[in-house]
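Subject: Structure handover

Hello,

Here is the structure we spoke about, with the sequence alongside. My notes on it follow below.

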Amino acid sequence: MSQMPQFQVIDGCLQRATQIPSPNYNQRPEHSDIQLVVIHNISLPPSQFGGGYIEQFFQNQLDWDAHPYFKTIEGMQVSTHLLILRSGEVLQFVNFKDRAWHAGRSSYMALPECNDYSIGIELEGSDDTDFEEIQYQTLAEVVKTLQQAYPKIAHHIAGHSDIAPGRKTDPGPHFQWSHFRALLQQAKSNVDV
Ligand SMILES: [Zn+2]
């Protein structure tokens, strides 16, 4: 059996995630079902972990003067549904029923505007650093839970770089897709145990 905490989606909220509301969302278009999970990485400043800057960024509360890099993203209003920290802690910024602003210009299987129909999951990480094992384990449990709540995403998991090629590189070369998929399969097989 998995020793991970059991997540659950209730009314668009992931139970056991810390809720940190972001103002950066709007309504999904009518009749747009959730049918894709997009995996990202983010760190602020890049490749530095901790500090709470990502959380502040998604809440439009980042002090742009606190680091030279922050000047380059000054005024950007973005968000994600979920952020998985290096510790494995899960934060939720936007209700799954709402449209978070994580993908930007994008398309998946010829369907444009991925924000309309996807759930965004950011891993605290970078393109040049290995992710933590607890992040993989948590991601697998979370995606399993989301697939139970939103069956259309069962076979649709993509990286940001897959839906915005040439423009985005995350989750990056250090994200081990095969390891994640193996853990996801394992998590799913635990469901009926
Ligand atoms: Zn991204």
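**Gly125 and its surroundings**

Leaving aside residues up to four places away in sequence, Gly125 is in contact with Asn41, Ser43 and Phe131. Please bear in mind that this is a predicted model. Gly125 sits in the loop that joins β11 to α3. Is Gly125 buried or exposed? The cut-off for buried is 20 or more other C-beta atoms within 10 Å. Gly125 has 25 C-beta neighbours inside 10 Å, so Gly125 counts as buried. From Gly125 to Val143 there are 18 residues in sequence, and the C-alpha to C-alpha distance is 18 Å.

How many residues of β11 are buried? The count is 7 of 7. In a regular strand, side chains alternate between the two faces of the sheet. For β11, both faces are covered. Ser118, Gly120, Glu122 and Glu124 are buried on one side, and Ile119, Ile121 and Leu123 are buried on the other.

**The helices**

The 17 residues of α3 should span 24 Å at 1.5 Å a residue, and the end C-alpha atoms are 25 Å apart, which agrees. The buried residues of α3 include Tyr136, Leu139, Val142, Val143 and Leu146. Among the others on that list are Gln135, Glu141 and Lys144.

What does α5 pack against? The buried residues of α5 pack against α3 (133–149). Those buried residues are Phe180, Leu183 and Ala187. Seen down the axis of α5, its buried residues fall within an arc of 65°, so they line one face of the helix. The face turned away from that buried side carries Trp177, Ser178, Gln185 and Ser189, which are exposed. The length of α5 can be checked as well: its 13 residues (177–189) should span 18 Å at 1.5 Å a residue, and the end C-alpha atoms are 18 Å apart, which agrees.

**The database record**

UniProt, in an unreviewed entry, lists residues 22–172 as "domain: N-acetylmuramoyl-L-alanine amidase". Over residues 22–172, the chain is 21% helix and 22% strand. The end C-alpha atoms of that stretch are 25 Å apart.

Regards

Definitions and conventions: Residues numbered from 1 in each chain as written. Predicted model: local features only at pLDDT ≥ 70, side-chain atom pairs only at ≥ 80, totals over all residues. Helix = DSSP H or I, 4+ residues; strand = E, 2+ residues; numbered from the N terminus. Expected span 1.5 Å × (residues − 1). Buried ≥ 20, exposed ≤ 12 C-beta atoms within 10 Å, placed from the backbone. Arc of directions from axis to C-beta. Contact = placed C-beta atoms within 7 Å. UniProt positions renumbered as here; feature names shortened; annotations may be inferred.
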